[in-house]
Amino acid sequence: MQTMCALRRLFSFAYQSQVRTGCVCVCQRKFSVESLPNLDPSNFKPQRVLILTKLSRYEFEKRRHPELTERELETRLRSRGSDYNMLLYHHYIHKGVENTVNSVFTAAGIETKVVYRFDYSDPNIEWADAIVTTGGDGTFLLAASRVLDRNKPLIGFNSDPMRSKGKLCLPQKYSVDVREAIDKLLKGKFRWTFRSRIRVTLIGENIYKPPVELHDQQLLHPEYRYLDIDMQLRTMEKEVPPCSESGLARRVLPVLALNEVFIGECVSARVSYMELCFDGSKGIKQKCSGLIASTGTGSTSWTYNVNKLTEQNMEEILTIVKEETGFKIRDSDPLFVSKITNKFNEMLISDPEAPRMVYTIRDQLISSPTRSECVKPRGHARSIAVKSRCFDASLVIDGGLSFTFNDGTRALLEIYEEDSLRTVTLHEDPTEVSFKH
């Protein structure tokens with residue numbers, strides 16, 4: 001009994017601290033979704049759907065070696081240690097979901113257009129009433145970065161649920177039963193979810209340098225290849241007047257972050273040096289391994305894995321509490337340790353609609369002993385101002401686009417209601433179909 005009371009006090013204190021700092025995901029949006037048009041799901045009647053599909057690994061290899069016959073391609077892949085048969089198998093699974101999604105929408109009398117990432121252009125986006133992705137979270141993030149109209153829905157189908165969870169996509173069962181998912185969509189058996197996104201404004205010199213497409217360096221998400229990123233971003237961008245107080249150039253980036261923004265040195269072994277200001281507070285100089293600012297959507301991804309405690313960590317903490325307090329804590333009980341670990345880790349997750357960011361200062365270096373000069377390594381903020389003191393740093397959006405962010409350059413990260421992304425959550429209960437305010 002003493003043990004449980006002690007743990008209740010311990011975690012109650014931690015929970016109340018999170019509430020005071022805004023860490024618990026209680027949405028406090030001043031913006032009301034009722035102000036948006038067509039909020040009744042039953043009014044969702046798209047006439048044109050743009051299907052953005054990923055480029056499978058097999059398709060990528062075919063494009064990479066157009067001169068090779070199928071037999072020669074197989075030989076080349078096997079010589080590199082790749083499993084040709086598995087590549088082909090997962091390619092057919094992906095194409096099966098893609099073709100089913102396309103055919104079901106078409107059968108419902110809806111005009112469709114299927115494009116790869118290099119044809120995912122503004123004219124095609126504007127043409128569509130809704131964007132649908134077939135792929136994984138990488139494809140969904142790519143689609144989201146270009147959808148700037150909060151009234152245009154984005155819906156994702158996981159085309160290979162055996163290898164990918166696809167947390168941003170519809171539940172995995174709908175990869176098999178596509179018809180049921182689309183039937184629910186067209187009958188309004190879902191609710192809208194407006195996911196907050198991060199707007200980034202750069203201030204300083206060299207802020208118009210073209211970004212680096214990080215996915216060009218790997219095969220994990222080959223759908224990110226072949227993009228003339230500089231030309232596409234220029235077509236999306238609007239001129240912004242110089243910053244009045246300094247005369248420096250000011251640029252609002254034409255992409256929005258759905259998961260997170262990372263700021264830090266390109267070489268991970270090098271210390272990142274920057275000045276941080278949260279919600280207009282006094283700026284603090286900080287040395288660390290980089291800053292991660294994520295949305296509620298991104299709080300289940302990189303931010304979560306950086307901050308989560310393992311059962312080993314928790315067991316060691318409970319052992320210390322036991323030794324220091326004398327309470328009989330079951331620090332060697334695996335089930336008890338697992339329960340407390342999960343409870344702590346669940347507190348790291350925020351509401352995807354919450355109008356604030358979850359920030360994490362990685363590997364924070366504290367040189368000053370003065371507590372008042374330190375900033376908490378984890379917290380929440382609606383706006384974050386960052387001034388770079390780095391040598392060779394980048395500002396990376398959703399792990400895909402990397403913008404130069406060296407000494408003197410400033411960045412303002414903000415959450416605006418009008419930047420939210422309209423997505424759907426299907427009703428699992430067949431009786432839960434009414435429109436809710």
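Student: Is Glu98 buried or exposed?
Tutor: In this predicted model, Glu98 is buried, with a relative accessible area of 7%.

Student: And which side chain does Glu98 meet in a salt bridge?
Tutor: The side chain of Glu98 meets that of Lys95 in a salt bridge, with an N to O distance of 2.9 Å. Lys95 and Glu98 both lie in helix α4, three residues apart, which is about one turn of the helix.

Student: What about Lys95, buried or exposed?
Tutor: Lys95 counts as buried as well, at 15% relative accessibility, because the cut-off for that class is under 20%.

Student: How many salt bridges are there in total?
Tutor: The count comes to 21 salt bridges. One of them joins the side chains of Arg57 and Glu61, at 2.9 Å from N to O, and these two residues both lie in helix α2, residues 57–64, where they are four residues apart, or about one turn of the helix.

Student: Which residues are linked with Arg57 and Glu61 in a network?
Tutor: Arg64 and Arg80 are linked with Arg57 and Glu61 in a network of salt bridges.

Student: What does Asp129 pair with?
Tutor: Asp129 meets Arg48 in a salt bridge between their side chains, with 3.8 Å from N to O. Because Asp129 lies in the loop between α5 (122–127) and β3 (130–135), while Arg48 lies in strand β1 (residues 48–53), the pair ties together parts that are 81 residues apart in sequence.

Student: How accessible are Asp129 and Arg48?
Tutor: Asp129 counts as partly exposed at 29% relative accessibility, and Arg48 also counts as partly exposed, at 30%.

Student: Changing topic, which residues touch the most other members of the largest nonpolar core?
Tutor: The largest nonpolar core has 30 residues, and those that touch the most other members are Ile198, Val200, Leu202, Val261, Ile384, Leu395 and Ile397. Apart from that core lies another one, of 24 residues, which includes Ile51, Phe157, Trp192 and Val424.

Student: Back to Ile198, what is it in contact with?
Tutor: Leaving aside neighbours within four places in sequence, Ile198 is in contact with Leu256, Ala257, Val261, Ala293, Ser294, Thr295, Met357, Leu413, Glu414 and Ile415.

Student: And on the surface, which residues form a nonpolar patch?
Tutor: Met86, Tyr89 and Met162 form a nonpolar patch on the surface, and together they have about 320 Å² of accessible area. Of these residues, Met86 has its place in helix α4, residues 84–107, and counts as partly exposed at 38% relative accessibility.

Student: How many disulfides does a search of the whole structure find?
Tutor: The search finds zero disulfides. Cys266, for example, is in no disulfide, and the nearest cysteine sulfur, that of Cys390, is 9.0 Å away, whereas a disulfide would need the two sulfur atoms to be within 2.5 Å.

Terms used. Residues are numbered from 1 along each chain as its sequence is written. This is a predicted model: local features need pLDDT of at least 70, side-chain atom pairs count only at pLDDT 80 or more; totals for chains, interfaces and linings use all residues. Side-chain values use heavy atoms; hydrogens and water are left out. A nonpolar core is a set of buried Ala, Val, Leu, Ile, Met, Phe, Trp, Tyr and Cys residues joined through side-chain atoms within 4.5 Å. Buried means under 20% relative accessible area, exposed over 50%, partly exposed in between (1.4 Å probe, protein chains only). Contact means heavy atoms within 4.5 Å. Patches are made of residues with over 30% relative accessible area and no salt bridge: like charges are joined within 9 Å, nonpolar side chains (Val, Leu, Ile, Met, Phe, Trp, Tyr) within 5 Å. Accessible areas come from the Shrake-Rupley method with a 1.4 Å probe; for residues, only the protein chains shown count as cover. A salt bridge is a side-chain nitrogen of Lys or Arg within 4 Å of a carboxyl oxygen of Asp or Glu.
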